[in-house]
Structures are given as C-alpha cells and as structure tokens.
Amino acid sequence: MPPRRSLDPKLDVVFKLLFSEPRNRGLLRELLSAVLRPSSPICSIEILNPTPGKQHPTDRGSVMDLLLKLDDGRRVHVEMQARKRPSFVSRGLFYWARAYAGQLTSGQPYESLAPTTGIFILDYLELSTPRYHSVYKVLSTHDGSALNDDLELHFLELPKFPKDSAERPPLDNVVKWGQFLSAQTDEQLELLAVTDPILRQAKEALDRLSDDPIAREEAIKREYELGDYEFHFKRGMAEARELGLSQGIEQGIEQGIEQGRKEGEATLRNAIGQACSAFAIPLDERRSKILESASLAELGGLLAAILTQQRWPS
C-alpha cells in the first residue's frame, strides 16, 4: 500500500482542525445533516470551542472535539475516537451531561435548557448491535414514547460501515462520510471525490490542511502522545491482570489476591507510578503516603481509577 500523504481525519486533532475551519462550515453542515437527519435544514452553526487547544490524553477538557450550537438552539457535541477506551459509553454520557448542564448560569430557569445531542464517531467496535449508526434516546419502557427531546446520542462505528459505495442504501448520506473518514489511502479518497461532489470538497479541504506545516506538526505530536498513552495503558493492564484481577481494570478492581501480597503491592505501586507519569499526575507527599499505606485491593482500585479516569480519583 503506497504511503498516505494526506492527514488522517480519524485523528482527533485533525478532525477538529478540518471541521472547525470557517471556510469548511458547509462540510460540517453536510456531516451533521447526514447524521442527524433534521426535519428542517441546518441554516447556521456556531462553534463554541473553536481552538483545538492542548491535545493530550491527560487533558480531559481536550477530549471534547467540537461543541456546536445550531440555529434552532440545539447543542451538539461531536467526538472522534480512533482508539478504544474503557467505559466509553459512560464517558459519552458524562460529556453529554457536561454539555447539557453547561448551558445554565446562576439564576437561569431550567426551561432555558436546549436539547443536546452527542455524536461519537468510533474507529473500533463498541456496541453489540450490527448497526453502523445507532441512536439512543430516553424512552418509556411501557410504550416506547419519548420523555423529551433533550437527550440524543449517536454512535457511528466505522468498521461496521459498508466498504463499497454500491452497498449504500439510497439517500443514506451518512455512509459516504463513513467511507471518507475510513479511507486508508489517497487513491481511495480520490475515488470517493470523483463519485460525490461533497466528498470532493471534503478531500480538497483535507488536502489544504495536509499542506499546512503547523497542522502536520500537531498531528505528529498527537500520534506520539497517543502512542505513549497506549504503551503505558496496556502495560498497566497486563501487570494488573498478572496479579489475578479477573474482571480486568476496565470494570474496576474489587478484590486483591492473597498470595504474593508484598510482591503484588510493589508491582501495583510501580504500575501506578508509571500511569501517573504517563498522565502527568503529580505524586506529592500526601499521595505518596497513600500509596505506601494502601492495601493490595486498595492499590488495585486506585490503578483502575487512574487508568479509566486519567486523573487521581477524588
């Protein structure tokens, strides 16, 4: 496979730079329209967090790729996630809740809350459903009626998308975006551009971004940071599992093991130290004392919390 010259839009910093660019606002509108299928056209989009900012796995605020406000008042949080993370569904709900609650300031009535939608584009398999585009709302368990329109979550799992344009059902525009984001080579992007005028504009925009040396530097730095995160995360998981933590750190560690307690504690303290270093979590005197006095089970729980929350738990 020939090397790819264009930047990969599945990288969160590239995705945000591409779709937050003012001249690409029409592409962002096309993407949102394909996913949301609004009853009336989207006329205007305000980007509430246009600056990419620090893109590091430890910077929890940077995870929210795009926070938008549509002309009808609805807020939309769009996140691109290329690598699998523990408890991602819970994380998605957390970011939805933050975007929803963040509308209110002191003294404002709850009636002023606008519906909020989360769009999560994933380059891995997260849900058990075979659907490539899954939509969730708050519905009655009795008759399926909606409580209201305030919560709506969209999960787009790119590996489930049809690979051939011929497989696309008529008018299913979300698939063409899935194919654009999933393209592995410049040749695949060129083929998509030939077959669809919107994707031609998207490719041209991606080419412009790829020619920007600052954007390329940001992309390279982000790839390096994510690679470093993956190394420490997987190493921590392996060490935890070797200690017999059967449920795995993704589900939380509830119990320790009796055999090899001292060796296990030393290994867990070492893993916690590595995780804190990877996530830039300071180990001050108070936290060091906690590590020294914690039991095996407590150390396991602390490691699980750090790896899943990417911070020292409160």
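Buried means under 20% relative accessible area, exposed over 50% and partly exposed in between, with a 1.4 Å probe and protein chains only. By this scale R200 counts as partly exposed, because its relative accessibility is 38%.

This is a predicted model, in which local features need pLDDT of at least 70 and side-chain atom pairs count only at pLDDT 80 or more, while totals for chains, interfaces and linings use all residues. Residues are numbered from 1 along each chain as its sequence is written, and side-chain values use heavy atoms, with hydrogens and water left out.

## The chain as a whole

The secondary structure of the chain comes to ten helices and six strands, where helices (H or I, at least four residues) and strands (E, at least two) are DSSP runs numbered from the N terminus. Of the 314 residues of the chain, 48% count as buried. Contact here means heavy atoms within 4.5 Å, and among contacts between residues at least 6 apart in sequence, 66% join residues at least 24 apart.

## Helix packing

Two packed helices are described by the angle between their axes and the distance between the axes. The axes are lines fitted to C-alpha atoms, for helices over the stretch in contact, and the angles run from 0 to 180 degrees between N-to-C directions.

| Helix pair | Angle | Axis distance |
|---|---|---|
| Helix 1 and helix 2 | roughly 110° | within 7 Å |
| Helix 2 and helix 4 | about 125° | 7 Å |
| Helix 1 and helix 6 | about 115° | 10 Å |

Helix 1 and helix 2 cross at roughly 110°, which means that helix 1 is roughly perpendicular to helix 2; in this scheme angles under 35 degrees count as roughly parallel, over 145 as roughly antiparallel, 65 to 115 as roughly perpendicular and the rest as oblique. On the side of helix 1 the contact involves F15, F19 and S20, which meet R25, L27, L28 and L31 in helix 2. These residues divide into five nonpolar, one polar and one charged, given that Ala, Val, Leu, Ile, Met, Phe, Trp, Tyr, Cys and Pro count as nonpolar, Asp, Glu, Lys and Arg as charged, and the others, Gly among them, as polar.

Helix 2 (residues 25-36) also packs against helix 4 (residues 173-182), at an angle of about 125°, and that makes helix 2 oblique to helix 4. Their crossing is left-handed, a term for a near helix turned anticlockwise from the far one by less than a right angle, with right-handed used if it is turned clockwise. Helix 2 contributes L27, E30, L31, A34 and V35 to the contact, and helix 4 contributes N173, V174 and W177. By class, this contact has six nonpolar residues, one polar and one charged.

Helix 6 (residues 197-210) packs with helix 1 at an angle of about 115°, in a crossing that is right-handed. The contact is made by V14, L17 and L18 of helix 1 together with A205, L206 and L209 of helix 6, and its residues divide into six nonpolar, no polar and no charged.

## Three arginines

R200 is found in helix 6, and its C-alpha lies 8.5 Å from that of L189, eleven residues apart in sequence. Not counting residues up to four places away in sequence, R200 touches A193 and V194.

R5 has its place in the segment before helix 1 (12-20) and counts as partly exposed, at 38% relative accessibility. Although R5 and D186 are 181 residues apart in sequence, they are 6.9 Å apart in space, C-alpha to C-alpha. Leaving aside its neighbours within four places in sequence, R5 is in contact with D186, D207, S210, D211 and R216.

R37 is found in the loop between helix 2 and strand 1 (45-47) and counts as exposed, at 54% relative accessibility. Most residues other than glycine have a negative phi, whereas phi of R37 is near 50°, a positive value.

## Aromatic residues

A search of the whole structure finds ten aromatic pairs; rings of Phe, Tyr and Trp (its six-membered ring) pair if their centres lie within 6.5 Å, and planes under 30 degrees apart count as stacked, over 60 as edge-to-face and the rest as tilted. F94 and Y95 form an edge-to-face pair, at 5.4 Å centre to centre and with 75° between the planes. F94 is partly exposed, with a relative accessible area of 42%, whereas Y95 counts as buried at 3% relative accessibility. Elsewhere, F88, F120, Y124, Y136 and F155 form one aromatic cluster.
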